[in-house]
Amino acid sequence: MKRNLGWFIRWLAFAVCPALAMFLSISHALAQSPSQNKSDSGDLILINGKIITVDQKDSIAQALAIHDGKIVAIGTNEEIRKIAAKDSRVIDLRGRTATPGLIDTHCHFDETERIYGLELSKITRVSEAVELVRQKTSSSKPGEWVTGSGWDEGKLTELRYITAADLDKVSPGNPVWLGHTTGHYGVANSYALHLGKVSRQTKDPKGGIIDRDAAGRPTGVLKEEAMGLVTSLIPPFSKDQQRIGVLKMMADFNSEGMTAAKDPGTEGIRWDLYQELLKENKSTVRIFALLYGGRDLESARAVFARLQAQPKPPQSFADGMLLSGGVKLYMDGSGGGRTAWVYDPWFKKRTEIEIGNTGYPNIDPQTYRQMVKLFHDAGIHVSTHAVGDRAIDWVVDTYADLLREKPTKGLRHGIIHCNIPTDHAIETMARLQRDYDSGYPETQAPFMWWIGDIYAASFGAKREQRLMPYQTYTQKNIIWAGGSDYPVTPFAARYGLWSSVVRKTLNGVYGSQPFGTAESVDIHTALKSYTIWAAHQLFLEDRIGSLEPGKDADIAVWDRDLYSIPSDEIKNLHCELTLLRGKVVYTAAESK
Ligand SMILES: [Zn+2]
């Protein structure tokens with residue numbers, strides 16, 4: 001960015017906050033109304049902006065005032081300058097666009113694996129993975145684990161899984177595990193398979209698949225519950241490593257204008273880490289944490305006891321910074337891995353029917369219902385992973401039955417992913433939302449992009465037209481909450497905004513828009529799903545999700561106006577400044 005001398009002088013004058021002044025003009029408010037009551041005034045005012053408020057009328061404002069971390073007024077430059085205190089700091093947006101801080105309602109909030117493991121999300125050939133493993137094993141001690149994640153056969157020119165045979169030649173002395181980007185499968189080398197006692201004779205574990213070649217030999221690819229045969233042997237990251245992973249996640253979130261996340265599975269020490277970072281004042285992202293409820297009543301009861309000891313949402317720790325939200329359950333597996341529970345068989349390469357494979361529920365459906373009942377009856381929020389149409393039906397029918405038995409408004413039970421809901425599921429969600437404030441899709445538009453090519457291959461031409469039916473939702477008055485499912489897709493919410501509008505796959509293996517555009521929504525609607533509707537699924541809609549007086553000042557400033565740029569450019573939005581409760585947590589200038 002070009003900076004003139006005026007910028008530089010202002011920067012010198014306000015070196016108290018140099019990072020801000022680097023690119024946004026800051027000065028003291030000049031005008032002040034004599035009748036000004038100090039308590040109404042802003043510590044900080046934003047002027048000369050295009051402030052997208054995402055209020056009821058989707059109104060746009062020029063300026064806003066912040067006092068004590070809260071928005072106290074919104075209006076024109078004049079109106080805001082009038083009420084501003086004499087010593088208010090001023091951020092001159094110079095025409096830039098601001099939005100509420102963006103919210104991700106499904107993010108595995110941890111970059112530890114990306115920092116300490118092999119990063120495979122950018123590779124385009126099997127040989128690149130092999131080379132990375134070779135480099136890593138050459139600097140590892142014999143027997144030491146080599147792990148990585150992020151690969152996706154849909155992005156490899158070979159369009160096939162990585163196998164043990166690929167890895168064995170460069171890793172004879174080390175066990176290797178490379179997780180797929182979906183997290184629902186991965187590949188082990190022969191050393192790791194041996195440690196996990198996986199051989200030709202090993203039967204598929206319950207809820208899992210050991211992928212085999214034509215001769216019945218394991219290929220190294222393990223799906224769903226079968227992954228545990230190997231992954232349970234990998235030593236966990238240390239607490240210090242995980243702390244670094246969470247802090248990096250927070251910083252990276254802020255750099256994308258993001259200020260809140262729903263974390264579906266705060267097992268191990270993650271909850272303690274969140275508490276610790278809050279106490280140390282190092283937390284820069286609001287977290288709504290779910291605990292994984294397991295796959296049987298026993299695990300559900302253990303989690304139930306933990307949750308009962310915590311305040312229920314909207315109660316929170318540190319004024320809306322951390323919530324013990326409820327429980328996450330699973331109904332089925334993955335669309336890319338063709339394990340999700342569907343009515344009609346999965347496809348391979350889009351047109352080859354995989355005869356007999358309709359996926360499966362990865363939990364006993366009746367047990368699942370009893371588990372939800374345990375939580376529902378106690379007033380605990382439940383969100384369930386359901387990708388396939390049959391799994392989604394089971395989940396929404398479970399919610400509907402339990403709500404009929406014990407009507408409770410406002411528990412906001414969610415359907416995570418909710419990829420291909422049937423008409424029945426759509427009608428049910430519409431009714432549950434209207435009658436009980438429940439039944440909300442927590443969905444990830446960027447699946448259509450980042451894993452869109454394997455989705456197009458698996459779902460098949462007819463079924464995939466109804467993938468993430470956002471347009472139908474709007475017609476039925478259904479609201480949904482956006483997310484990334486990071487590390488399944490890159491976490492930046494701009495990708496989700498863009499995907500909701502254009503529905504394009506990464507590589508266009510089966511055409512650039514195999515899912516059609518009939519279910520596209522406009523950017524105004526897409527933005528709601530990453531702001532006010534997402535806030536609702538975090539039980540924080542009274543605090544965040546829109547820029548209105550009384551709400552917390554979580555704000556993102558962008559280099560361009562997402563409401564007027566061509567749709568394809570939404571993906572390239574660049575965040576310049578992020579505020580959390582009126583405090584600067586990120587500036588683009590400082591990061592350079
Ligand atoms: Zn997930």
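A residue counts as buried under 20% relative accessible area, as exposed over 50%, and as partly exposed in between. The legends below use these words for a predicted model.

**Figure 1. Zinc site of the predicted model.** The zinc ion is coordinated by His106 through NE2, His108 through NE2 and Asp485 through OD, at 2.2 Å. Along the chain, these donors follow the spacing H-x1-H-x376-D. His108 lies in the loop between strand E9 (102-104) and helix H4 (112-116), and Asp485 in the loop between strand E24 (481-482) and helix H18 (493-502), so the pair ties together parts that are 377 residues apart in sequence. The relative accessible area of His108 is 22%, so this residue is partly exposed. Asp485, at 5% relative accessibility, counts as buried.

**Figure 2. Cis peptide bond between Tyr486 and Pro487.** The peptide bond from Tyr486 to Pro487 is cis, and its omega is near 10 degrees. Pro487 belongs to the loop between E24 and H18. Asp485, a donor to the zinc ion, also has its place in the loop between strand E24 (481-482) and helix H18 (493-502).

**Figure 3. Cis peptide bond between Pro313 and Pro314.** Two prolines, Pro313 and Pro314, are joined by a cis peptide bond with omega of about 10 degrees. Pro314 is found in the loop between helix H11 (297-308) and strand E18 (322-330).

Figure 4. Phe304 has its place in helix H11. With a relative accessibility of 18%, Phe304 counts as buried, because buried means under 20% relative accessible area. Residues up to four places away in sequence are not counted here; beyond them, Phe304 touches Leu374, Phe375, Ala378 and Ile380. Between Phe304 and Gly186 there are 118 residues of separation in sequence and 31 Å in space, C-alpha to C-alpha.

Figure 5. Ala391 is part of helix H13, which covers residues 389-405. The relative accessible area of Ala391 is 0%, and the residue is buried. When neighbours within four places in sequence are left aside, Ala391 is in contact with Met331, Asp332, Trp341 and Ala386. One of these residues is Asp332; Ala391 and Asp332 are 59 residues apart in sequence and 6.4 Å apart in space, C-alpha to C-alpha.

**Figure 6. Helix H16 and its cover.** Helix H16 (residues 452-459) is mostly covered, and eight of its eight residues are buried. The buried residues are Gly452, Asp453, Ile454, Tyr455, Ala456, Ala457, Ser458 and Phe459. Their cover includes strand E12 (176-180), strand E13 (185-188), strand E19 (347-348) and helix H15 (447-450). Just after H16, Gly460 takes a positive phi of about 85 degrees.

**Figure 7. Positive phi at Val54.** Val54 is not a glycine, yet its phi is positive, at about 55 degrees. The residue lies in the loop between strand E3 (50-52) and strand E4 (60-61). With a relative accessible area of 5%, Val54 is buried.

**Figure 8. Positive phi at Asp437.** Although Asp437 is not a glycine, its phi is positive, at about 55 degrees. Asp437 is placed in the loop between helix H14 (423-436) and strand E23 (440-443). The relative accessibility of Asp437 is 19%, so the residue counts as buried.

**Figure 9. Setting of the close-up views in the whole protein.** The protein has 21 helices and 27 strands. Its radius of gyration is 25 Å, close to the 25 Å that the globule rule gives for 592 residues, so the protein is as compact as a globular protein of that length. Along the principal axes, the C-alpha atoms fill a box of roughly 85 × 60 × 50 Å. Of the 592 residues, 60% count as buried. Among contacts between residues at least 6 apart in sequence, 75% join residues at least 24 apart. The protein exposes about 22,900 Å², of which carbon and sulfur atoms supply 52%. There are 70 positive and 70 negative side chains, and the centres of the two sets lie 1 Å apart.

Technical notes
Residues are numbered from 1 along each chain as its sequence is written. This is a predicted model: local features need pLDDT of at least 70, side-chain atom pairs count only at pLDDT 80 or more; totals for chains, interfaces and linings use all residues. Side-chain values use heavy atoms; hydrogens and water are left out. Helices (H or I, at least four residues) and strands (E, at least two) are DSSP runs, numbered from the N terminus. The radius of gyration is taken over C-alpha atoms; the globule rule is 2.2 Å times the number of residues to the power 0.38. Buried means under 20% relative accessible area, exposed over 50%, partly exposed in between (1.4 Å probe, protein chains only). Contact means heavy atoms within 4.5 Å. Accessible areas come from the Shrake-Rupley method with a 1.4 Å probe; for residues, only the protein chains shown count as cover. Lys and Arg count as positive and Asp and Glu as negative; His and the chain ends are not counted. The place of a charge is taken as NZ of Lys, CZ of Arg, CG of Asp or CD of Glu. Donors are N, O and S atoms within 2.8 Å of the metal (3.2 Å for Na, K and Ca); water is not among the atoms, so sites may look incomplete.
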